[in-house]
Amino acid sequence: MEQHTLVGWHVDMEFKEEGSRTDSAAMVRLADGTEVRGHGHAQRHPSDAEQLRVGEEIAGARALMDIATQLLQKAHVEIDEEKGKPSHPLI
């Protein structure tokens, strides 16, 4: 019989808005207790209308992409350590 495991990750995201700039900080807590943090930012062009939600979406997406890159690098290192030799990069 096939065994299934359910694992959940929790992501915390914060935003800081100053003028036309939105910064974001994200943190994901993995099942093993590891915390991975990412950062992103968005800059509104002076001719664009002020839409805070859009700045948050862009900055948030960039913070999550930062975390995604770090998770791929972490997995690559763990694969190499397990195999005892270099593997193909995941990025």
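Lys 74 is partly exposed, with a relative accessible area of 24%; partly exposed lies between buried, under 20% relative accessible area, and exposed, over 50% (1.4 Å probe, protein chains only). Its side chain meets that of Glu 78 in a salt bridge, at 2.5 Å from N to O. Here a salt bridge is a side-chain nitrogen of Lys or Arg within 4 Å of a carboxyl oxygen of Asp or Glu. This is a predicted model, where local features need pLDDT of at least 70 and side-chain atom pairs count only at pLDDT 80 or more, while totals for chains, interfaces and linings use all residues. Residues are numbered from 1 along each chain as its sequence is written, and side-chain values use heavy atoms, leaving out hydrogens and water.

**Helix H1**

- Glu 78 and Lys 74 are four residues apart in helix H1, so about one helical turn separates them.
- Helices are DSSP runs (H or I) of at least four residues, strands (E) are runs of at least two, and both are numbered from the N terminus.
- Glu 78 is partly exposed, with a relative accessible area of 40%.
- His 76 also belongs to H1, which covers residues 52–83.
- His 76 counts as buried, because its relative accessibility is 17%.
- Leaving aside neighbours within four places in sequence, His 76 is in contact with Ser 87, His 88, Pro 89 and Leu 90; contact means heavy atoms within 4.5 Å.

**Salt bridges**

- The structure holds seven salt bridges.
- Side chains of opposite charge can pair when their charged atoms come close.
- Arg 29, Glu 35 and Arg 37 are linked in a network of salt bridges.
- Glu 35 meets Arg 29 at 3.2 Å, N to O.
- Glu 35 also bridges to Arg 37, with the closest N and O atoms 2.8 Å apart.
- Glu 35 is partly exposed at 38% relative accessibility, and Arg 29 is partly exposed at 36%.

**Nonpolar core**

- The largest nonpolar core has seven residues: Ala 26, Val 28, Leu 30, Val 36, Ala 63, Ile 67 and Leu 71.
- Strand E2 (21–29) and H1 are the elements that give two or more residues to this core.
- H1 gives the most, with three residues.
- A nonpolar core is a set of buried Ala, Val, Leu, Ile, Met, Phe, Trp, Tyr and Cys residues joined through side-chain atoms within 4.5 Å.
- In soluble globular proteins, nonpolar side chains tend to be buried together.
- Val 28 is in contact with Trp 9, His 10, Val 11, Thr 34, Glu 35, Val 36 and Ile 67, leaving aside its neighbours within four places in sequence.

**Strands E1 and E2**

- E1 and E2 run antiparallel and are joined by nine bridges; two strands pair if DSSP finds at least two bridges between them.
- Glu 18 stands opposite Arg 21 in E2.
- The hairpin of E1 and E2 has two residues between the strands, and Gly 19 takes a positive phi near 60° there.

**The start of the chain**

- Thr 5 is found in the segment before strand E1 (10–18).
- Thr 5 is exposed, with a relative accessible area of 68%.
- Thr 5 and Arg 62 are 57 residues apart in sequence and 30 Å apart in space, C-alpha to C-alpha.
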